[in-house]
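Thanks for passing this one along. Here are my notes, in numbered points, to read beside the model.

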Amino acid sequence: GPITVERARLEAGTSGECVLPGDEFVLVVDGAVAFEQSGIHCDLAAGEAAVLMRDRPLTWRVDLNAGADLILMRCTGGGAGAEGPVKVDPDAELGPSNPPAAEVLIGPTPTCRGHADYRSANGEFASGVWDSTPYHRRPIQFGHYELMRLLAGSVTFVDSAGREGRFRTGDVILFEQGGSATWESREYVKKIYCTFRPAP
């Protein structure tokens, strides 16, 4: 499909120019990097994220004293939903978000909230912040890709092969379209997310 996920290392003191072939979610794992596109400046430090736009000249630079490690999720489908970089705001005011369907829940229905900082022109590629009270659900099959970084809490997943993973604050997780997993959180969870959810 139109999704590429990769990790990149930008060395200290380097800079460059490019035109991206798709909208690109950038999560800084370590270090810092500065972007400029369409006259809009976007500085990202470790733990921060933004979406960069396709088909527009982009410049970037890294501090002289330290490099930067990035995780990127690029979508070549759809079209740009903004003129320049859109930074994800972890402190944005969150509104109601639909909880998991009742038939997959094991236990009480959680309270979920979210805020989308970015959405592509066709609505399929989006990024923002989401949170939830604790909940446990049965396995579901993912009709989408999702890259997330936990801002608070921890989550345990068990996939269709029975492999279990526990992720904590600061961890980065990728769910691939077509995969399957349970979800169990025993505490409040908050995350930055980037999703590609193809239209039906």
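How many bridges pair strand 14 with strand 19, and in which sense? Let me answer that in point 2, after a word on what we are looking at.

1. What the model is. This is a predicted model, in which local features need pLDDT of at least 70, side-chain atom pairs count only at pLDDT 80 or more, and totals for chains, interfaces and linings use all residues. Residues are numbered from 1 along each chain as its sequence is written, and side-chain values use heavy atoms, with hydrogens and water left out.

2. Strand 19 and its partners. Strand 14 (residues 145-152) pairs with strand 19 in the antiparallel sense over 7 bridges; M148 sits opposite Y193 there. Strand 12 also runs antiparallel to strand 19, joined to it by 8 bridges, and V129 has I192 as its bridge partner. Two strands count as paired if DSSP finds at least two bridges between them. Strands themselves are DSSP runs of E with at least two residues, helices are runs of H or I with at least four, and both are numbered from the N terminus.

3. Cover on strand 19. In strand 19 (residues 189-196), 8 of 8 residues are buried. Here buried means under 20% relative accessible area, exposed means over 50%, and partly exposed lies in between (1.4 Å probe, protein chains only). In a regular strand the side chains alternate between the two faces of the sheet. V189, K191, Y193 and T195 point one way, while K190, I192, C194 and F196 point the other, and all are buried.

4. A buried aspartate. D131 belongs to strand 12 (residues 125-132) and is buried, at a relative accessible area of 2%. Its side chain makes polar contacts with the side chains of R113, at 2.5 Å, and Y188, at 2.8 Å. A polar contact is a pair of N or O atoms within 3.5 Å; within protein, one must be able to donate a hydrogen and the other to accept it, and residues adjacent in sequence count only if both atoms are side-chain atoms. Leaving aside residues up to four places away in sequence, D131 touches L94, T111, C112, R113, Y188, V189 and K190, where contact means heavy atoms within 4.5 Å.

5. Two loop residues to look at. S38, in the loop between strand 4 and strand 5, has a positive phi near 55° although it is not a glycine. At 42% relative accessibility, S38 is partly exposed. D55, in the loop between strand 6 (49-52) and strand 7, likewise has a positive phi, near 60°, in a residue other than glycine. D55 counts as exposed, at 56% relative accessibility.

6. The chain as a whole. The protein chain has 0 helices and 19 strands. Its C-alpha atoms fill a box of roughly 50 × 35 × 35 Å along the principal axes. Buried residues make up 44% of the 200 residues. Among contacts with a separation of 6 or more, 73% come from residues 24 or more positions apart.
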